[in-house]
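Please look over the model shown here.

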Amino acid sequence: MVPPALIAIALAVAASFWVTFVDRVDPERGRRTERLVRAAATLVLGVLLLTIISGPYAAERDAYALILGLLLLLGIGLIFAPVLLRLWRELGAERTRRIRE
């Protein structure tokens, strides 16, 4: 049986990737929608993380809570990975442009 937290991680990351790679071309949706989806997904995963760290799982199953907490942090990282990658590429392009000047 798959824990509900893993399903939440998968859905949050999928929603983030969907809004980044599919909905970006829609003129009615843009950066604002992307930010809202990322904020909502991060909020959900953050609340899950706090619940798992301080909830009943932390007292009963130390290793299980630790692994689930790390997976939640990885999920939050994956939510922001496309944004960080885009910023990294923009920084590299700006650096290249300044060198060529």
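Buried means under 20% relative accessible area, exposed means over 50%, and partly exposed is in between (1.4 Å probe, protein chains only). This is a predicted model, in which local features need pLDDT of at least 70, side-chain atom pairs count only at pLDDT 80 or more, and totals for chains, interfaces and linings use all residues. Residues are numbered from 1 along each chain as its sequence is written, and side-chain values use heavy atoms, with hydrogens and water left out.

**Accessibility**

| Residue | Relative accessibility | Class |
|---|---|---|
| Ser 16 | 0% | buried |
| Phe 17 | 31% | partly exposed |
| Phe 21 | 58% | exposed |
| Arg 89 | 58% | exposed |

**Helix 1**

Helices are DSSP runs (H or I, at least four residues), numbered from the N terminus. Ser 16 lies in helix 1. Its contacts, meaning heavy atoms within 4.5 Å, are with Val 37, Arg 38 and Ile 79, leaving aside residues up to four places away in sequence.

Rings of Phe, Tyr and Trp (its six-membered ring) pair if their centres lie within 6.5 Å; planes under 30 degrees apart are stacked, over 60 edge-to-face, and the rest tilted. The count by this rule is one aromatic pair. Phe 17 and Phe 21 form it, edge-to-face, at 5.9 Å centre to centre with 70° between the planes. Both sit in helix 1 (residues 4-21), four residues apart, so about one helical turn separates them.

**Helix 2 against helix 4**

How do the axes of helix 2 and helix 4 cross, and within what distance do they come? The axes of helix 2 (residues 31-54) and helix 4 (residues 62-100) come within 9 Å and cross at roughly 165°. Axes here are lines fitted to C-alpha atoms, for helices over the stretch in contact, with angles from 0 to 180 degrees between N-to-C directions. Helix 2 and helix 4 are therefore roughly antiparallel (over 145 degrees; under 35 is roughly parallel, 65 to 115 roughly perpendicular, the rest oblique).

Residues of helix 2 in this contact include Arg 31, Glu 34, Leu 45 and Ile 52. On the helix 4 side, Ala 65, Leu 72, Ile 79 and Arg 86 are among them. The contact residues divide into 14 nonpolar, four polar and four charged. Nonpolar covers Ala, Val, Leu, Ile, Met, Phe, Trp, Tyr, Cys and Pro; charged covers Asp, Glu, Lys and Arg; the others, Gly among them, are polar.

Arg 89 is also found in helix 4. Arg 89 and Arg 31 are 58 residues apart in sequence and 17 Å apart in space, C-alpha to C-alpha.

Technical notes: Helix = DSSP H or I, 4+ residues; strand = E, 2+ residues; numbered from the N terminus.
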